[in-house]
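Reader: Please show me how to read the features of a protein model, one at a time.

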Amino acid sequence: MDISIRPDYRELFAENTASISLLIVTFIAIPFIEDFGNNYVQVGILSSFSLLVILLVYRYIMLTSVVWIIADRTIFQICGISSSKTNYIELCRVIDYSETQTVLQKLWKVKTITLTSTGKTNGILKIHGVKVNMPIIELIRDRVEKCKQTKKIYEITNNWIRDYHSLIC
């Protein structure tokens, strides 16, 4: 069963807190625009408000144009608006997983999951905007283990080097 993940809208707030704060300040300043006698200040406030709206709409469209699909043997990252690009990572090549949260992501209850693989083209895949309560790491870990067992891939670690070094020293 394939699982589809899209970034949560709260990731937009976590990534763009400064822009949103500035947008709110300029929105509050618009009713008082006539109090400023200088036309340059009025044009500056309206221009900055317009640019911030355009910027935030663009970032929202770019955020929602990404989808990650976790299949039984592959993770797909599909992104794009008018044209699309698809990145593939085979689950048997995934060697490490991590979850990170910035302070703002903690505030908005979203996280970023980073997958490291041995693939040459897509060594690192970041899945951002995942809701905190989604157990994605466990799901990916289970599918990676099943995929490695199916393909009979055995992991070789460097533990013997550490053990050998501790015996010598």
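Author: Two strands pair if DSSP finds at least two bridges between them. Helices (H or I, at least four residues) and strands (E, at least two) are DSSP runs, numbered from the N terminus. The model is predicted, so local features need pLDDT of at least 70 and side-chain atom pairs count only at pLDDT 80 or more, while totals for chains, interfaces and linings use all residues. Residues are numbered from 1 along each chain as its sequence is written, and side-chain values use heavy atoms, with hydrogens and water left out.

Reader: Which residue stands opposite Val 67 in S3?

Author: Strands of a sheet pair through backbone hydrogen bonds, either parallel or antiparallel. Here, Ile 78 in S3 is opposite Val 67. Strand S2 (residues 66-70) and strand S3 (residues 74-79) are antiparallel, with five bridges between them.

Reader: In what order do the four strands of the open sheet come?

Author: The order is S1-S2-S3-S4, with antiparallel pairing. Strand S1 (3-5) and strand S4 (85-90) are the edge strands, each pairing on one side only. From one strand to the next, the twist averages 20°. Axes are lines fitted to C-alpha atoms, for helices over the stretch in contact, and angles run from 0 to 180 degrees between N-to-C directions.

Reader: Which strands does helix H5 lie across?

Author: Helix H5 (residues 136-150) lies across S1, S2 and S3, and runs at about 45° to S2. Contact means heavy atoms within 4.5 Å.

Reader: Which strand pairs with S6 over six bridges?

Author: Strand S5 (residues 94-100) does, and S5 and S6 run antiparallel. Between these two, Glu 99 has Ile 113 in S6 as its bridge partner. S6 also pairs with strand S7 (residues 124-131), in the antiparallel sense over seven bridges. There, Leu 115 has Leu 125 in S7 as its bridge partner. S6 and S7 form a hairpin, with six residues between them.

Reader: How many of the residues of S6 are buried?

Author: Buried means under 20% relative accessible area, exposed over 50%, and partly exposed in between (1.4 Å probe, protein chains only). Strand S6 (residues 110-117) is mostly covered, with seven of its eight residues buried.

Reader: How many salt bridges does the structure hold?

Author: Side chains of opposite charge can pair when their charged atoms come close. A salt bridge is a side-chain nitrogen of Lys or Arg within 4 Å of a carboxyl oxygen of Asp or Glu. The structure holds three. One of them joins the side chains of Asp 8 and Arg 10 at 2.5 Å, N to O. Asp 8 is buried, at a relative accessible area of 10%.

Reader: Which residue forms a salt bridge with Asp 72?

Author: Arg 143 does, and the closest N and O atoms are 3.8 Å apart. Asp 72 lies in the loop between S2 and S3 and Arg 143 lies in helix H5, so the pair ties together parts that are 71 residues apart in sequence. Arg 143 counts as buried because its relative accessibility is 11%, whereas Asp 72 is partly exposed at 47%.

Reader: Which residue does Lys 111 meet in a salt bridge?

Author: Its partner is Glu 99, at 3.1 Å, N to O. Lys 111 is in strand S6 and Glu 99 in strand S5, so this pair ties together parts that are 12 residues apart in sequence. Lys 111 is buried, with a relative accessible area of 5%, while Glu 99 is partly exposed at 43%.

Reader: Which residues form a nonpolar patch on the surface?

Author: Patches are made of residues with over 30% relative accessible area and no salt bridge; like charges are joined within 9 Å, and nonpolar side chains (Val, Leu, Ile, Met, Phe, Trp, Tyr) within 5 Å. The patch here consists of Tyr 9, Val 53, Val 57, Tyr 58, Tyr 60, Ile 61, Met 62 and Ile 81, with about 760 Å² of accessible area together. Accessible areas come from the Shrake-Rupley method with a 1.4 Å probe; for residues, only the protein chains shown count as cover. Ile 61 is placed in helix H3 (residues 39-64), and Val 53 lies in helix H3. Ile 61 is partly exposed at 37%, and Val 53 is partly exposed at 32%. Ile 61 and Ile 81 are 20 residues apart in sequence and 8.0 Å apart in space, C-alpha to C-alpha.

Reader: Which residue has a positive phi although it is not a glycine?

Author: Lys 109 does, with a phi of about 60°. Lys 109 is in the loop between helix H4 (103-108) and S6. Lys 109 counts as exposed because its relative accessibility is 52%.
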